[in-house]
Amino acid sequence: MTLKDKRSADIEIILSKYPTKRSAVMPLLYLAQEEYGYCSDEAIREVADLTALDPTEVKSVVGFYTMFFEEKTGQYVIEVCDDLPCALKGADAFVHHCERKLGVRAGQTTPDGKFTLRTVMCIAACDRAPVAQVNREYRYSLTPDGFDKMVDELKGTV
Ligand code: FES
């Protein structure tokens, strides 16, 4: 089943909001990512088809923006900012703590498929570092204990 088969109503709504099909490439990629969990080659071809773009153009959009995933991710994607302002407020040590808690390195997914840990550039919350997004929801002023509690809650073990 294609994205068009599964989400035709959503696709129509998205396309209706833009003056040209190609302008809808990013929301359609979000939709594909929501459906498939990441922007697979198949998803890229389908979005290219819907927007009348070349698949290489769509792939370049996916490659440019960090919010699009080129590989399958865990159920929860934890993105910790380690850009300079956050690094000055301890982001590097915090990322190491996250790696220890999850048992994976940044860029990897836990073996149970629950969490993907990533480091990202500035997410515009420098004053509240260490900061992360969990499936795009901001988590501010994180502490190691707070991170552990959050992970345990997401795991459903508390
Ligand atoms: S540098 Fe981390 S949020 Fe801006």
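**A loop and its surroundings**

Mentor: Start with A52, which sits in the loop between α4 (41–51) and α5. Helices here are DSSP runs of H or I with at least four residues, strands are runs of E with at least two, and both are numbered from the N terminus. A52 isn't a glycine, yet its phi is positive, at about 60 degrees. Keep in mind that this is a predicted model: local features need pLDDT of at least 70, side-chain atom pairs count only at pLDDT 80 or more, and totals for chains, interfaces and linings use all residues. Residue numbers start from 1 along each chain as its sequence is written.

α5 packs against α3 at an angle of about 75 degrees, and the two axes are 11 Å apart. Axes are lines fitted to C-alpha atoms, for helices over the stretch in contact, and angles run from 0 to 180 degrees between N-to-C directions. That angle makes α3 roughly perpendicular to α5; the label covers 65 to 115 degrees, while under 35 is roughly parallel, over 145 roughly antiparallel and the rest oblique. On the α3 side you'll find V25, M26 and L29, which meet V58, V61 and V62 of α5. Contact here means that the C-beta atoms, placed from the backbone, lie within 7 Å. Sorted by class, the α3–α5 contact has 6 nonpolar residues, with no polar and no charged ones. For the classes, Ala, Val, Leu, Ile, Met, Phe, Trp, Tyr, Cys and Pro are nonpolar, Asp, Glu, Lys and Arg are charged, and the others, Gly among them, are polar.

α3 has another partner. Helix α2 (residues 8–16) and helix α3 (residues 25–36) have axes that come within 9 Å and cross at roughly 160 degrees. The two helices are therefore roughly antiparallel to each other. D10, I11 and I14 of α2 touch P27, L28 and L31 of α3. That contact has 5 nonpolar, no polar and 1 charged residues.

Time to zoom out. The domain assignment gives domain 1 (3–64) and domain 2 (76–155), with bounds that come from an automatic or database assignment. The C-alpha centres of domain 1 and domain 2 lie 28 Å apart. Across the protein chain there are 8 helices and 4 strands, in the order α-α-α-α-α-β-α-α-β-β-β-α along the sequence.

Those 4 strands make an open sheet, ordered β2-β1-β3-β4, with mixed pairing; strands pair if DSSP finds at least two bridges between them. At the edges are β2 (115–120) and β4 (137–139), each pairing on one side only. Neighbouring strands are turned by 25 degrees against each other on average, ignoring direction. Strand β3 (residues 132–134) pairs with β4 in the antiparallel sense over 3 bridges, and A132 stands opposite R139 in β4.

P130 is in the loop between β2 and β3, and the peptide bond from A129 to P130 is cis, with omega near -5 degrees.

Last, look at what covers the sheet. Helix α7 (residues 91–102) lies across β1 (76–81) and β2, running at about 155 degrees to β1. The axes of α7 and helix α8 (residues 144–155) come within 10 Å and cross at roughly 35 degrees. This crossing of α7 and α8 is right-handed. H97, C98, K101 and L102 of α7 make the contact with P144, F147, D148 and V151 of α8, which gives 5 nonpolar, 1 polar and 2 charged residues.

Notes: Contact = placed C-beta atoms within 7 Å. Left-handed = near helix turned anticlockwise from the far one by under 90°.
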